[in-house]
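This report describes a single protein chain through its helices, its nonpolar cores and selected residues. The sequence and structure are shown first.

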Amino acid sequence: MVEYDPHRWWSYFHYLKGSMVREIVARVMVCVLWSVGVTAYHYYVRPVAIPATVHTLAGLSLSLLLVFRTNSSYDRFWEGRKLWGGIVNETRNLARASGVFLGASPALYAALVRWTAAFPFASASSLRGRASLGPLAKDLPPDEVAEVMHSQHVPFAVARRMSALLDQGRREGRYPEYVQMQLDQNVQLLIDYLGGCERIRKTPIPFAYVMHLRRALLVYCYTLPFALVDAFGGLTVLATFLVAYVFFGIEEIGVEIEDPFGHDDNDLPLDQICNTIHGNLSALLPAQPPQPETPPAA
C-alpha cells in the first residue's frame, strides 16, 4: 500500500507508483493516436463528424456503471481490511487470555504464541497462492513445520496446532473444559475471518458485468473523436486524451482493489499487518523462550 499524507496536494502529482498511469498508458495512447487519425481524416479527406447527442447520453450511463464498479471493488477492499483487523484483534485476545491460564507453563504458552503469530503469515501466503509460515518457521519445531507445510490448507493446519496446544493445557489441568472452549473460540474466529477473505478472493465481479462495461468503454472512447471533431477541431486529441485517461483510470482502479490481498501498489499491506502481529506477540515472550513439549496432533 502506498503511504501518503491526504493533506498534501501537489507533492503527489508526479507519482507514478499507485496512480494507474503505467497500467492504462497503452490504452490511452491508442485512443490518442486514433483521435489524431480521425481528426486528420476529417479535415484532409472528407468530414466524418457525427452528432454528439448519443455520446452525451451514453456518457452519463457509462459514468454510473464506472461508479458502481469502483464502489463494488472498494466494498471488497474495505471488507478485507475489516477481516484482517479481526485477525489482529483475535490473535491478541488469544495471546492475552491464554497467558493468564498458562503462566505456570511457559513452554506451552510460548508454543501457542508462536503458532498464533504464524497464523497471519500462513493466511496471507494462502491468499496469495503460496504456502509459508513467514519468519516464524525457524522458531517452530521442524517436524511440526514440515507436517503443516505438507497439509492441504496450511492456515487450517496451523489452527489445528493451536487447538491441540489449548487441549494440552486442559489435559494438564491448567484450566477446565469451559475455559478451553472460550479460548478456542478465538481460533474459530480466526478461521472465520480467513474464510471471509477467501470468499472475497474467489468471488470476482461477475464476468458479464465486467465485459459489458469494458466493451461499452472501448466503443465510447474510440467513437468519441467523431462526436468531438466538428466542435473541437484540433483540440479533439486533447479532449479524447482527458476522457480516456479519466474513464480507463477509474475502471483500472476497480480492477486493482477488487482483490486486495495481492502485491499491487493499492492492495492491503498484509506483510506489515503480519509483522505487527508478530511484534506484538513476540513482546509477550522472554528473549529465549523455552522449548515446548510436542503436543499430540488434534
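## Helix α1

The buried residues of α1 are I24, V28, C31, V32, S35, V38, T39 and H42; buried means under 20% relative accessible area, exposed over 50%, and partly exposed in between, with a 1.4 Å probe and protein chains only. These residues pack against α7 (207-232) and α8 (236-258), where contact means heavy atoms within 4.5 Å. An α-helix has 3.6 residues a turn, so residues three or four places apart point the same way. The model is predicted: local features need pLDDT of at least 70, side-chain atom pairs count only at pLDDT 80 or more, and totals for chains, interfaces and linings use all residues. Residues are numbered from 1 along each chain as its sequence is written, and side-chain values use heavy atoms, with hydrogens and water left out.

Helix α1 covers residues 21-44, 24 residues in total, and its first and last C-alpha atoms are 33 Å apart, close to the 34 Å expected at 1.5 Å a residue. The expected span is 1.5 Å times one less than the number of residues, and helices (H or I, at least four residues) and strands (E, at least two) are DSSP runs numbered from the N terminus. At R27, α1 bends by about 25°; the bend at a residue is the angle between axes fitted to the seven residues ending there and the seven starting there.

V38 is found in helix α1 and is buried, with a relative accessible area of 4%. Not counting residues up to four places away in sequence, V38 touches V48, P225 and F226. V38 and Y222 are 184 residues apart in sequence, yet their C-alpha atoms are 9.8 Å apart in space.

G37 also lies in helix α1, but counts as partly exposed at 38% relative accessibility.

## Helix α7

Helix α7 has 26 residues and reaches 36 Å from its first C-alpha to its last, close to the 38 Å expected at 1.5 Å a residue. It bends by about 35° at T223, and a proline, P225, follows within four residues. Buried residues of α7 include Y209, L213, Y220, C221, P225 and L228. The cover over the buried residues of α7 includes α1, α2 and α8.

F232 is found in helix α7 and counts as partly exposed at 42% relative accessibility. F232 and H212 are 20 residues apart in sequence and 29 Å apart in space, C-alpha to C-alpha. Just after α7, G233 takes a positive phi of about 65°.

## Nonpolar cores

Which residues touch the most other members of the largest nonpolar core? Of its 52 residues, they are W84, W115, L133, V158, M162 and F261. A nonpolar core is a set of buried Ala, Val, Leu, Ile, Met, Phe, Trp, Tyr and Cys residues joined through side-chain atoms within 4.5 Å. Two or more residues of this core come from each of α2 (53-101), α3 (106-127), α4 (142-149), α5, α6 (177-202) and α9 (270-282). The largest share, 14 residues, comes from α3.

Residues in contact with L133, not counting those up to four places away in sequence, include W115, F121, L140, V148 and V158. A second, separate core of 19 residues includes L66, L213, C221 and L228.

T116 has its place in helix α3 and counts as buried at 1% relative accessibility. Leaving aside neighbours within four places in sequence, T116 is in contact with T91, L94, M162 and L281. The C-alpha atoms of T116 and V158 are separated by 7.9 Å, although the two residues are 42 apart along the chain.

R161 is placed in helix α5, residues 154-171, and is buried, with a relative accessible area of 7%. A polar contact of 3.3 Å joins the side chains of R161 and E144. Such a contact is a pair of N or O atoms within 3.5 Å; within protein, one must be able to donate a hydrogen and the other to accept it, and residues adjacent in sequence count only if both atoms are side-chain atoms.

## Annotated segments

An unreviewed UniProt entry places the feature "transmembrane region" at residues 24-44, 50-68 and 217-248. UniProt positions are given in the numbering used here, feature names are shortened, and annotations may be inferred rather than shown by experiment. Over residues 24-44 the chain is 100% helix and 0% strand, with end C-alpha atoms 30 Å apart. Over residues 50-68 the chain is 84% helix and 0% strand, and the end C-alpha atoms are 29 Å apart.
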